[in-house]
Amino acid sequence: MNWSIQFRFYLIPGGVVILGRMIPPRQVVSASRRSDVPAFHAEWLMGRLRAGWCEVRNPFGGQVRCVDLRPDAVLALVLWTRDPTPLLPHLSELAERGYRALFQITCNAYPAPLEPRAVPTSRVVAAAARIVEVMGEASVVWRYAPVILTDPTPPAYHLDRASALAGRLEGLTDTCVTSFVDLYRKTLRNLEPVLAAAGIGLLPPDTARDVALIRDLAAAVSGHGMKLELCCEPGHVSEHAGRARCVDDRRLERLLGAPVSLRAAPSRKGCGCRASVDIGAYDTCARGCVYCYANRSPEAGRAGRAAVDPGAPSMHRR
């Protein structure tokens, strides 16, 4: 998006003075890939939106920047969550203040060793229905992610689970986004001891198996009016499943009812996202999923969540 120029005309004795100033483009605000803000920090988010600004610290360089959150500076909010329920009482206020929101809702309901604080599916479905009612038919994307292939969760498990969830979510979204788990070093540090204690083993890599699973998942969700998209899985994009844009200018056009032009801003290989500014902080989600990339550990996430001051300008610890 391009900057615009605002002109003001002033009559003075003997003529007219024209003053111009550069107006930055409205931006997409993401809350957040780094934490489940709607579930655990809804009051902080609403406080910052009411204030019209927040601070965010670069998680890699440490620099702090101020983000303009006034409605006329925010094109849309992209809200990533497993449980939107705490934000539901504020949906009408968001709409009245002029904010439009796209919810990326993860729902996979893994067994307890992998996801010890799973959100009941009925709660997620009810929340998604309320969001669509208030924010519009393009406001919800369902994320069945990440796919973790283990002894008790083989491809057949995921096909059955995704099919059942698609049936529950039918009519609330037209898109399901999926991906395979990324086994980063810190992910394995948290995941492997839990799997070992439960006597669970990861299935070995198998490209043909994964391709077949994506094909079958695409067919399953299509039966419920959804297309399957892949988040950061460039090797598996096919006629069955295209590349996802989680920050999606095409969906935002539908949500806003107006043309949207955003530059491509991939976060990693295979990412189709458009530009946004993320206002969250790592190590502040208390969900405790042992495969999560956003916490150093479940304990760090719980401690970080408790340390966030709902009245502070930033989610980061001082």
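The model is predicted, so local features need pLDDT of at least 70 and side-chain atom pairs count only at pLDDT 80 or more, while totals for chains, interfaces and linings use all residues. Residues are numbered from 1 along each chain as its sequence is written, and side-chain values use heavy atoms, with hydrogens and water left out.

**Asn108**
- Asn108 sits in the loop between β7 (101-106) and α4 (121-135); helices (H or I, at least four residues) and strands (E, at least two) are DSSP runs, numbered from the N terminus.
- Asn108 is buried, at a relative accessible area of 1% (buried means under 20%, with a 1.4 Å probe and protein chains only).
- Beyond four places in sequence, Asn108 is in contact (heavy atoms within 4.5 Å) with residues including Glu115, Tyr144, Arg161 and Tyr291.

**Helix α2**
- In α2 (residues 42-51), the buried residues are Ala42, Trp44, Leu45, Met46, Arg48 and Leu49.
- Their cover includes α1 (37-40), β4 (53-57), β6 (74-81) and α3 (91-97).

**Nonpolar cores**
- A nonpolar core is a set of buried Ala, Val, Leu, Ile, Met, Phe, Trp, Tyr and Cys residues joined through side-chain atoms within 4.5 Å.
- The largest one has 69 residues, and Leu77 and Trp142 touch the most other members.
- Helix α4 gives this core its largest share, seven residues.
- A second, separate core of 20 residues includes Trp80, Leu252, Leu262 and Cys271.

Note on methods: Buried means under 20% relative accessible area, exposed over 50%, partly exposed in between (1.4 Å probe, protein chains only).
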